[in-house]
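Student: I have a chain open and would like to go through it. Can you take my questions one at a time?

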Amino acid sequence: MKRLGDLEMLPSVREAHDDIAGRVRDKLTGFLASAAEDFAHAAQALEARRLAMVEEHRAARRHLQTLHEQRDVSEMRRRAERFRKGFLGLWDRVTGQHGKLRGQNEAETAACAARDAEEKQALIDRQLRERRSLQHEIRQERRQHMREMTWLNRQISEAERGNDRKAETPDAERTRRRQRIRGPSA
């Protein structure tokens with residue numbers, strides 16, 4: 001009895017239980033704030049990655065467009081140089097050589113346009129894959145945050161009700177709920 005001190009000064013069981021429940025609730029509320037802060041930092045980092053990716057993708061598209069424009073100009077110049085001028089050009093028109101060259105140039109122009117369209121589509125497809133991958137990470141982070149917040153809020157609620165059940169992990173809680181729904185296994 002000496003170690004406990006005066007019995008009149010000791011709190012009642014109910015008071016001790018309420019005190020412990022209050023401490024647990026306060027600690028869980030602190031965890032809740034910490035989880036929210038962690039999520040804010042993670043979300044901020046993911047948003048920075050997303051913005052960097054957007055800028056990188058825009059720069060890549062601008063670069064590809066510039067490359068296509070420069071290549072178009074040089075290819076058009078090369079195709080135009082095939083036509084002879086002056087008397088020889090007139091001779092090519094008479095013999096039909098000019099028409100053949102024009103047909104060849106038109107076919108090459110179409111092939112170059114198709115090549116450029118394929119390159120652009122390949123860039124778009126690659127960028128979409130990168131964006132989807134990052135978006136998947138963002139969704140996973142949000143889901144994880146929601147699971148943590150739900151679990152912590154549930155634990156706080158149980159502490160407020162004075163439930164003396166030990167804090168369960170989300171998996172143990174899910175198992176307990178399933179057993180309650182299904183009944184004891186045979």
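Tutor: What follows covers the helices, the core, the salt bridges and a surface patch.

Tutor: This is a predicted model, where local features need pLDDT of at least 70, side-chain atom pairs count only at pLDDT 80 or more, and totals for chains, interfaces and linings use all residues. Residues are numbered from 1 along each chain as its sequence is written, and side-chain values use heavy atoms, with hydrogens and water left out.

Student: What does the secondary structure of the chain come to?

Tutor: There are 4 helices and 0 strands. Helices (H or I, at least four residues) and strands (E, at least two) are DSSP runs, numbered from the N terminus.

Student: How far apart are the end C-alpha atoms of helix H1?

Tutor: They are 99 Å apart, which agrees with the 100 Å that the 68 residues of H1 (residues 13–80) should span at 1.5 Å a residue. The expected span is 1.5 Å times one less than the number of residues.

Student: Which residues make up the largest nonpolar core?

Tutor: Leu28, Leu32, Ala35, Met149, Leu152 and Ile156, 6 residues in all. H1 and H3 are the elements that give two or more residues to this core. A nonpolar core is a set of buried Ala, Val, Leu, Ile, Met, Phe, Trp, Tyr and Cys residues joined through side-chain atoms within 4.5 Å. Buried means under 20% relative accessible area, exposed over 50%, partly exposed in between (1.4 Å probe, protein chains only).

Student: What does Leu28 touch?

Tutor: Leu152, Gln155 and Ile156, leaving aside residues up to four places away in sequence. Contact means heavy atoms within 4.5 Å.

Student: Switching to charges, how many salt bridges are there in the whole structure?

Tutor: A search finds 12, each a side-chain nitrogen of Lys or Arg within 4 Å of a carboxyl oxygen of Asp or Glu. One of them pairs the side chains of Arg71 and Glu119 (2.7 Å, N to O). That pair links distant parts of the chain, with Arg71 in helix H1 and Glu119 in helix H3, 48 residues apart.

Student: And Asp92, buried or exposed?

Tutor: Asp92 is buried, at 5% relative accessible area. Its side chain meets that of Arg84 in a salt bridge (2.6 Å, N to O), and Arg84 is partly exposed at 42%.

Student: Which residues make the nonpolar surface patch?

Tutor: Phe87, Leu88, Leu90, Trp91 and Val94 make a patch of about 580 Å². Patches are made of residues with over 30% relative accessible area and no salt bridge: like charges are joined within 9 Å, nonpolar side chains (Val, Leu, Ile, Met, Phe, Trp, Tyr) within 5 Å. Accessible areas come from the Shrake-Rupley method with a 1.4 Å probe; for residues, only the protein chains shown count as cover. Val94 lies in helix H2 (residues 86–95) and is exposed at 62%.
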